[in-house]
Amino acid sequence: MADYDLIVRNAVIYDGLGNDPVSGDMAVSDGRVTAIGTVSGSADREIDAAGAAVAPGIVDVHTHYDAQLTWDPTASPSPALGVTTVVIGNCGFGIAPAPAEARDTILANLSVVEAMSLDSLHAGVDFSFTGFGEYLDLVQSKKPFPNVAAMASHSVMRTAVMGDAGSEREATMEELDRMQALFREALDAGAIGMGSSTFENHFGAGGRPVPSRMASDDEFRAFARTLGDAGGGLMMATCGDRTSVRLLGELAELANGASIYAPLLHYSNQPDRAMTFARECAAEREAGRPVYPQCSCQPLSMDFTLEAAYPMLTIDGWPEDGDVAKLKTAFADPAVRQQIREALKVPSGTRIFNGHWERVEITIAGDESLTGLTIADLAQKQGKDPLDAILDLALSEDLKTVFTAKLLNVEEDAVAELLSMPGNIVSLSDAGAHHTLFCDAGFGIYFLSHWVREAKKFTLTEAIRKLTSEPARIYGLEGRGELTVGSAADFIIFDPETLELSRTKKLKDLPADGERLVREAPGLKGTFVNGVQVHDGSDYLDVDGPGRVLRRGRSHLDVAAE
């Protein structure tokens with residue numbers, strides 16, 4: 001009989017806590033790390049890491065896999081990108097509780113606000129649940145590949161109680177009482193807190209505000225008190241201008257836990273904005289009210305074609321008609337082009353795109369030699385104005401050319417300062433959402449490759465800590481995000497010198513033939529969850545998913561099957 005289930009030999013082992021790495025071996029038994037250093041004895045399986053790095057798996061605290069996990073237990077593409085634990089319920093856009101009469105509204109809102117195919121949602125979501133506890137049981141029964149921690153969803157609870165009126169008005173006291181009852185049920189079932197949104201750009205079906213935007217500050221306080229009374233937990237919000245950091249601090253006090261502010265992004269046209277919020281969050285923490293902002297390590301990018309050029313629609317003169325023939329006529333019109341050019345000469349704080357053509361890249365083109373060029377590069381190569389270059393290329397390919405625009409979080413020095421600030425959580429992948437617009441699920445791979453190896457702004461030890469134990473501790477995920485004796489054996493094996501994030505590629509593998517964008521991680525050699533390998537660097541393995549639903553009030557180190 002073997003001494004261990006698994007031994008990884010000849011590795012450079014990072015504990016995720018910020019300590020110096022250890023060269024040697026790591027043993028695993030029953031889903032937990034049992035020895036680190038020089039390990040003698042035998043194992044059912046041995047892996048020679050050949051000097052590669054072994055680190056805790058990435059903890060992704062901002063995903064939207066709530067629906068996908070009911071049909072895809074792999075939570076693709078996250079495990080292929082080094083993620084071993086995901087948090088769902090972010091922004092309040094989950095799918096539970098789901099009374100029958102509310103399901104169409106829940107899916108319609110989710111489809112719009114998180115840019116998911118409604119046909120795919122209707123075809124894919126397994127609604128063999130009603131309550132939040134039944135939903136968590138369903139997710140576990142699907143045998144997920146990553147671990148899953150869930151927040152209760154504010155907008156969904158409003159929809160369950162108020163129907164369409166949830167997007168129209170404040171709740172009555174009777175409605176609020178019913179929502180609190182649903183929240184208590186979710187907390188009893190294992191929800192780690194509540195996700196919500198007051199962000200002005202979050203719209204649901206029919207262009208209506210998402211339900212949580214109609215909630216008063218007192219409604220937020222009521223949820224926080226309920227959370228505090230239940231023993232404490234997280235209050236997470238994607239914040240609009242109406243929601244102050246000071247309110248989040250008050251909610252943290254009431255909830256006997258932490259508040260999470262999102263999103264922390266650097267705006268070129270408002271250069272002090274993000275740092276001001278970050279400092280306000282730090283001041284709340286110093287005052288004993290833990291508020292942590294979620295900070296992106298990647299440029300906020302969006303893939304688009306000129307059939308539906310979302311980043312360009314706020315430019316005066318840009319044609320809005322979705323008819324391809326009419327768009328082609330407009331894009332070929334010199335007068336239309338000149339109007340757009342004139343508009344771009346005047347920077348605007350309310351416009352998504354302000355003429356930075358060096359930040360617009362050709363991602364998929366009929367002429368593959370153009371892939372990777374920016375529009376500025378193409379314009380220089382062709383001796384054209386950049387607007388003419390992008391329109392001429394798109395017209396020559398029947399508007400099918402795919403471009404990627406970097407919209408926010410682009411100035412590297414400013415972003416590095418935000419990422420370096422203690423308490424700012426490296427996050428905001430939005431994995432599982434925005435299927436055809438972008439794929440930022442590989443944020444951790446980008447952090448380890450770009451910010452460590454290329455930009456040299458962080459050591460590998462620091463970067464691993466910020467992606468693993470730091471978010472796990474803030475979110476109360478006991479024994480996750482670290483590799484120490486007794487901790488969960490969630491880990492990745494990778495080559496720090498070759499690890500990189502690929503360009504996006506389009507797949508047509510969602511239910512009802514829905515399309516999505518994914519990325520890959522060359523240099524990642526394996527992803528392991530609770531001691532079981534789920535991805536080998538090339539593909540998912542044919543295994544029963546070893547992930548656990550990490551429930552509030554229960555040990556997060558329980559790796560035994562339920």
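Visitor: How do the axes of helix H4 and helix H6 come together, and at what angle do they cross?

Guide: Two packed helices are described by the angle between their axes and the distance between the axes. In this predicted model, the axes of helix H4 (residues 154–162) and helix H6 (residues 217–229) come within 13 Å and cross at roughly 105°.

Visitor: Which residues make the contact between H4 and H6?

Guide: On the side of H4, the contact is made by His154, Met157 and Arg158. H6 contributes Glu219, Phe220 and Phe223. By class, the residues of this contact comprise three nonpolar, one polar and two charged.

Visitor: Let us turn to helix H7. Which of its residues are buried?

Guide: Buried here means under 20% relative accessible area. In H7 (residues 245–255), the buried residues are Val245, Leu247, Leu248, Gly249, Leu251, Ala252 and Ala255.

Visitor: Against which elements do the buried residues of H7 pack?

Guide: The partners of these buried residues are H6, strand S11 (234–238), S12, helix H8 (273–286) and strand S13 (291–295).

Visitor: What follows H7?

Guide: Asparagine 256 follows H7, and its phi is positive, near 55°.

Visitor: How should I read the pockets? What is the volume of the largest pocket, and how many residues line it?

Guide: A pocket is an open set of points, and one may describe it by volume, lining and residue class. The largest pocket has a volume of about 1,600 Å³. Its lining comprises 50 residues, and those nearest the centre are Phe199, Asn201, Leu300, Tyr310 and Leu408. In terms of class, the lining has 22 nonpolar, 19 polar and nine charged residues.

Visitor: Which elements each supply at least two residues of that lining?

Guide: They are helix H1 (103–113), strand S12 (259–264), strand S14 (300–304) and strand S16 (402–408).

Visitor: How much space lies in the second largest pocket, and which residues lie nearest its centre?

Guide: The second largest pocket holds about 470 Å³ of space. Of the 20 residues in its lining, Lys406, Tyr446, Leu501, Ser502 and Arg519 lie nearest the centre. Two or more lining residues come from each of S14, strand S15 (360–364), S16 and helix H14 (443–454). H14 gives the most, with four residues. The lining divides into three nonpolar, eight polar and nine charged residues.

Visitor: And the cavities: how many of 30 Å³ or more does the structure hold?

Guide: In a cavity, a probe fits but cannot get out. The structure holds five cavities of 30 Å³ or more. The largest cavity has a volume of about 110 Å³. It is lined by 18 residues, with Pro77, Gly432, Ala433, Cys439 and Leu517 nearest the centre. Nine of the lining residues are nonpolar, six polar and three charged.

Visitor: What lines the second largest cavity?

Guide: This cavity, of about 90 Å³, is lined by Gly92, Phe93, Gly94, Ile106, Asn109, Leu110, Ser155, Val156, Thr159, Val210 and Pro211. H1 and H4 are the elements that give two or more residues to its lining. The lining has six nonpolar, five polar and no charged residues.

Technical notes
Residues numbered from 1 in each chain as written. Predicted model: local features only at pLDDT ≥ 70, side-chain atom pairs only at ≥ 80, totals over all residues. Heavy atoms only, no water. Axes fitted to C-alpha atoms, helices over the stretch in contact; angles between N-to-C directions. Contact = heavy atoms within 4.5 Å. Nonpolar A, V, L, I, M, F, W, Y, C, P; charged D, E, K, R; others polar. 1 Å grid on protein atoms, 1.4 Å probe; cavity = no way out; pocket = protein on both sides within 12 Å on 5 of 7 lines; lining within 4 Å. Points joined across faces, edges and corners; volume = space filled by probe spheres on them. Buried < 20%, exposed > 50% of the residue type's maximum accessible area, 1.4 Å probe, protein only.
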